[in-house]
Amino acid sequence: MSLASGVSAVVPVKDLQGTKSRLAPILDPGARAGLTVYMMGRVVAAIRSSGVEDVCVVSPDRIVLHEAQRRGAIPLAQESRGLNPALEEGRRRALELGATTLLILPADLPLLEAEDVLAVLKASEGQAVIIAPDGARSGTNALLTRPPDALPFAFGPDSFQAHLEAARKRDLDVKVCERSHLAFDLDTAGDLARLKKSGAAHP
């Protein structure tokens with residue numbers, strides 16, 4: 001059985017009008033929207049290249065949903081407001097499909113590659129929960145749960161600790177997966193400068 005068997009991946013994306021507001025001093029709204037769509041496409045491609053066939057993009061934005069479909073993801077129009085409720089919609093879909101494992105990856109991981117997704121899947125063998133923190137070990141940049149409803153979502157400030165504590169409260173086996181590409185999320189002008197310095201492709 002492949003590592004990706006029974007896995008449903010969910011990638012949440014905000015409305016493009018309000019996306020990446022911390023980059024407003026250096027990028028106009030069109031450039032921020034373009035950057036978001038570009039990063040979402042990279043994340044979807046990395047997940048699909050890892051062997052995960054069911055990749056769902058949850059967003060209230062029609063352009064995002066259209067672009068997600070073009071890239072081979074299933075578009076899911078968000079009916080709720082906010083990140084955690086959006087993920088609940090993705091989880092509900094995964095459960096209805098009979099998925100055994102849920103993988104959450106945000107759309108702002110511009111360095112993500114298939115090997116990073118595979119590392120999370122490999123780490124999950126025999127584990128109920130895998131958490132990949134951001135570079136500051138504050139946020140959560142990947143969350144895998146088996147079964148899909150094993151853990152409540154706690155994305156937001158200090159979500160890394162919140163997810164760890166939620167897993168421990170439920171006596172779930174949890175493993176932390178740390179990789180440089182998973183840890184790098186793009187939010188600030190400094191992050192954008194680091195991306196350009198890295199030599200990685202970017203819009």
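Predicted model: local features only at pLDDT ≥ 70, side-chain atom pairs only at ≥ 80, totals over all residues.
Close-up 1: Buried here means under 20% relative accessible area, with exposed over 50% and partly exposed in between (1.4 Å probe, protein chains only). Strands (E, at least two residues) and helices (H or I, at least four) are DSSP runs, numbered from the N terminus. In a regular strand, side chains alternate between the two faces of the sheet. Both faces of β2 are covered: Asp 54, Cys 56 and Val 58 sit on one side, Val 55, Val 57 and Ser 59 on the other.

**Close-up 2: β2 and its neighbour β1.** Strand β1 (residues 7–12) pairs with β2 in the parallel sense over 5 bridges; two strands pair if DSSP finds at least two bridges between them. Look for Ala 9, whose bridge partner in β2 is Val 55. To get from β1 to β2, the chain goes through helix α1 (residues 29–49), and this β-α-β crossover is right-handed. That means that, with the strands pointing away from the viewer, the path from the first strand over the helix to the second runs clockwise.

**Close-up 3: β2 and its neighbour β3.** Strand β3 (residues 74–77) runs parallel to β2, joined by 4 bridges. Here Val 57 stands opposite Pro 75.

**About the model.** Residues are numbered from 1 along each chain as its sequence is written. Local features need pLDDT of at least 70, side-chain atom pairs count only at pLDDT 80 or more, totals for chains, interfaces and linings use all residues, and side-chain values use heavy atoms, leaving out hydrogens and water.
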